[in-house]
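Hello,

Please find the structure we spoke about below. My notes come after it.

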Amino acid sequence: MGEAAALLSAFVWSAVSVAMASIAARVPPLAISALRLTTGSIILFFILAVSGQASDIAEASAASIFAMLGSGLLAYALGDTIYIRSLGLLGVQRAFTVAQTLFVTLTVIGGVLLLDEPFGARQVVGTACIAVGIGLIVRRAAPAAGAKVAERVVHANLVARLRHPDSGELRGYVFIAVTGVFWAAATLWLAAGRGDLGPIAAASMRTPAGAAGLLIFAGATAPEALRMPFRERRNIGAIVATGLVGTAFGSLMYVYAVGEAGAARTTILSSVSPLMALPLSVVVLGEKLTARVLAGTVACVVGIIFVVA
């Protein structure tokens, strides 16, 4: 059952990413993250109350509590919000695959450098596969001969490209890179500072920390963005659903899988989520699946399996 839970968790995160990409076309990413995390926090508080892990928080050290709150802000308030923004710029096929791949790779590298985790030939092979896969996904098709001169003029330097109206793709990849860094840093902080906290107790601090940080920031800087989802009932329903399904149910399935199948097997099974996202993005969002993106995604998934094996 643990393996099935890991696969279900992977599918849930794929489906939630597709849903958020659709919502991001109508609602600012800041509002999506804030309301999604708030919904998930409420559910997690109820789960914490019946789990018997509430005492873990009372007995936790100040360092562990600080690590949980800080990692929640990094992963959810910053990482998830920037990720949602990248979904609108790149689409699910590229944003989801590259974000997940960078997250796993950077986490493994950080674990090796900071937590003395092993790194061998498998990780080298996996990293090479990941590099090839990301290269295939990011690389554009070759432009027509007449367009090459114009492209060189328009994108003569990085600053010009960022300011150009068509620079959304480049900004999207910058956002994805930042997302991977934040997610990996949050995971390493969680691993180093969790102590004896149970998974539900840890999640019950991390998710509300992200929600509170976003609500405070949005309320002070962009209150109109928080009000925007309430103008249409379908927006509120969709965001609440992503909070219930993704943040609550998906997280619980992942925690259950880790306990039943083990962390390594769960991570490997969860790594197939980019492949699950491909057909969903085509059917739900109408994205075009190219041979290059498909090959790049397969290479990334194979690389992740080698890295975490």
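The notes below cover the nonpolar cores and some of the helices.

This is a predicted model, in which local features need pLDDT of at least 70 and side-chain atom pairs count only at pLDDT 80 or more, while totals for chains, interfaces and linings use all residues. Residues are numbered from 1 along each chain as its sequence is written, and side-chain values use heavy atoms, with hydrogens and water left out.

A nonpolar core is a set of buried Ala, Val, Leu, Ile, Met, Phe, Trp, Tyr and Cys residues joined through side-chain atoms within 4.5 Å; buried means under 20% relative accessible area, with a 1.4 Å probe and protein chains only. The largest such core has 46 residues, and Trp13, Met20, Ile32, Tyr83, Leu87, Val92 and Ile176 touch the most other members. Helix 4 (residues 62-90) contributes the most to this core, 8 residues; helices are DSSP runs of H or I, at least four residues, numbered from the N terminus. A second, separate core of 12 residues includes Leu48, Ala67, Met68 and Met205.

The axes of helix 2 (residues 29-51) and helix 10 (residues 199-221) come within 8 Å and cross at roughly 150°. Helix 2 is therefore roughly antiparallel to helix 10 (angles over 145 degrees, on a scale from 0 to 180 between N-to-C directions). Axes are lines fitted to C-alpha atoms, for helices over the stretch in contact, and contact means heavy atoms within 4.5 Å. Among the residues that meet are Leu30, Gly40 and Leu48 in helix 2 and Ala201, Gly210 and Leu214 in helix 10.

Helix 9 (residues 168-193) is followed by Gly195, whose phi is positive, near 65°.

Regards

Methods:
Buried < 20%, exposed > 50% of the residue type's maximum accessible area, 1.4 Å probe, protein only. Helix = DSSP H or I, 4+ residues; strand = E, 2+ residues; numbered from the N terminus. Parallel < 35°, antiparallel > 145°, perpendicular 65-115°, else oblique.
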